[in-house]
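Q: I would like to go through this model with you, starting with a side chain and then moving on to pairs and packing. Shall we look at it together?

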Amino acid sequence: MRRETRVRHAPLRPELDGIALAPGKHLLRGDRLLLHAESGVIMLYRKGEGITVHRPGPPDEAEESLWLNGTVYAAVASINGLYPVHASAVAHDGLVHAVTGPAGAGKSTLTAELGRRGLPMFCDDTLILDLDDPARIMCLPGHKRLKLWPDALELTGATQDEEVLPGWGKFYARPHGETVDTMLPLASLTFLEEGEAAGIETIARGACIARLMDDHYTADLYLEASQADKAQHFALLARLARAIAVQRFVRPRDPARFTADAAAFEQHIRDFSGKYE
């Protein structure tokens with residue numbers, strides 16, 4: 001992924017194979033991705049050649065970083081046969097434990113707090129899976145810059161860096177402690193939910209598959225790149241659900257409860273004794 005996501009800057013037109021692309025759209029064709037942002041930024045990825053970026057005006061490194069670490073990153077992974085999941089993750093005892101949920105579910109906030117508790121960060125927001133090994137699901141280490149709102153920064157004590165986008169109010173933050181930069185097997189996937197009482201519950205494999213099929217744009221990008229039909233996608237997710245522990249972590253979104261609930265989830269990871277089937 002490091003080789004495939006190397007960046008150069010050069011003039012580009014918003015078209016691919018004679019197809020003009022309107023602002024705010026992307027186009028995946030074979031081993032290429034063309035993205036045309038609303039701002040006029042154009043990004044073109046070709047497998048084996050990396051990413052070319054065209055800026056129509058003064059450099060906006062903040063916007064460019066968001067695309068490169070979001071849609072483009074997931075698309076590059078998908079084009080190269082990897083599977084992106086909308087999740088953040090930590091590592092413990094040589095295994096990856098991921099948390100997923102819709103935007104605003106608290107993935108990055110919980111990951112930041114787990115880092116403060118000694119569980120090193122593996123990735124934020126997008127987890128890339130390598131499915132080549134039939135015996136286990138491997139994870140590629142990902143982005144190490146958290147994106148947190150001010151209340152999450154206060155809750156976790158993370159070190160605030162620059163604003164993600166000017167005027168947005170969300171900030172990059174440095175994780176506590178160590179991070180992991182080597183491939184590791186995926187051990188568990190936890191869906192974050194809001195509820196009155198905190199608790200961690202195992203969920204059925206079928207429920208896991210259904211939730212992952214309803215994942216956000218990462219799943220759509222994979223389907224576009226792989227041209228997999230619904231049956232093939234279902235089979236891939238069924239394999240994933242069989243290979244790991246899947247559960248949901250229900251907790252109230254109460255700042256006063258955050259520390260105690262995060263401690264319970266930390267202990268759940270440290271006590272993990274699952275195995276690959």
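Q: To begin, is Glu201 buried, partly exposed or exposed?
A: This is a predicted model, and in it Glu201 counts as partly exposed, at 37% relative accessibility.

Q: Which residue does the side chain of Glu201 meet in a salt bridge?
A: The partner is Arg248, with an N to O distance of 2.8 Å. Arg248 is partly exposed as well, with a relative accessible area of 25%.

Q: Where do Glu201 and Arg248 lie, and how many residues apart in sequence are the parts that they tie together?
A: Glu201 belongs to strand S18 (residues 199-202) and Arg248 to strand S19 (residues 245-251), so the pair joins parts that are 47 residues apart in sequence.

Q: How many salt bridges does the structure hold?
A: There are 16 salt bridges in the structure.

Q: What about Glu162: with which residue does it form a salt bridge?
A: Glu162 pairs with Arg145, and their closest N and O atoms are 2.9 Å apart. Glu162 sits in strand S15 (residues 159-163), while Arg145 is in the loop between strand S13 (138-140) and strand S14 (146-148), so this pair ties together parts 17 residues apart in sequence.

Q: And how accessible are Glu162 and Arg145?
A: Glu162 is partly exposed, its relative accessible area being 41%. Arg145 also counts as partly exposed, at 35% relative accessibility.

Q: Which residue meets Glu64 in a salt bridge, and is Glu64 buried or exposed?
A: The side chain of Glu64 meets that of Arg55 at 2.6 Å, N to O. Glu64 has a relative accessible area of 9%, which is under the 20% cut-off, so Glu64 is buried. Arg55, by contrast, is partly exposed, with a relative accessible area of 25%.

Q: Which residues are linked in a network of salt bridges?
A: The network links Glu113, Arg116, Arg117, Glu266 and Arg270.

Q: Why can such side chains pair at all?
A: Side chains of opposite charge can pair when their charged atoms come close.

Q: Changing topic to helices: at what angle do the axes of H5 and H7 cross?
A: Helix H5 (residues 205-213) and helix H7 (residues 230-243) cross at roughly 130 degrees, their axes coming within 9 Å. The two helices are therefore oblique to each other, and their crossing is right-handed.

Q: Which residues make that contact between H5 and H7?
A: From H5 they are Arg205, Cys208, Ile209, Leu212 and Met213, and from H7 they are Lys230, His233, Phe234, Leu237, Ala238, Leu240 and Ala241. By class, this contact has nine nonpolar, one polar and two charged residues.

Q: What of H2 and H6: how do their axes cross?
A: The axes of helix H2 (residues 71-79) and helix H6 (residues 217-226) come within 9 Å and cross at roughly 35 degrees. That crossing is right-handed.

Q: Which residues of H2 and H6 meet?
A: Thr71, Ala74, Ala75, Ser78 and Ile79 of H2 meet Tyr217, Thr218, Leu221, Tyr222 and Ala225 of H6. Seven residues of this contact are nonpolar and three polar, with no charged ones.

Q: Finally, the backbone: what is phi of Asp93, and where does Asp93 lie?
A: Phi of Asp93 is near 55 degrees, a positive value in a residue other than glycine. Asp93 lies in the loop between strand S9 (87-92) and strand S10 (95-100), and is exposed, with a relative accessible area of 68%.

Q: And what is phi of Asp125?
A: Phi of Asp125 is near 80 degrees, again positive in a residue other than glycine. Asp125 is found in the loop between strand S11 (121-123) and strand S12 (127-130).

Conventions:
Residues numbered from 1 in each chain as written. Predicted model: local features only at pLDDT ≥ 70, side-chain atom pairs only at ≥ 80, totals over all residues. Heavy atoms only, no water. Axes fitted to C-alpha atoms, helices over the stretch in contact; angles between N-to-C directions. Helix = DSSP H or I, 4+ residues; strand = E, 2+ residues; numbered from the N terminus. Parallel < 35°, antiparallel > 145°, perpendicular 65-115°, else oblique. Left-handed = near helix turned anticlockwise from the far one by under 90°. Contact = heavy atoms within 4.5 Å. Nonpolar A, V, L, I, M, F, W, Y, C, P; charged D, E, K, R; others polar. Salt bridge = Lys/Arg side-chain N within 4 Å of Asp/Glu carboxyl O. Buried < 20%, exposed > 50% of the residue type's maximum accessible area, 1.4 Å probe, protein only.
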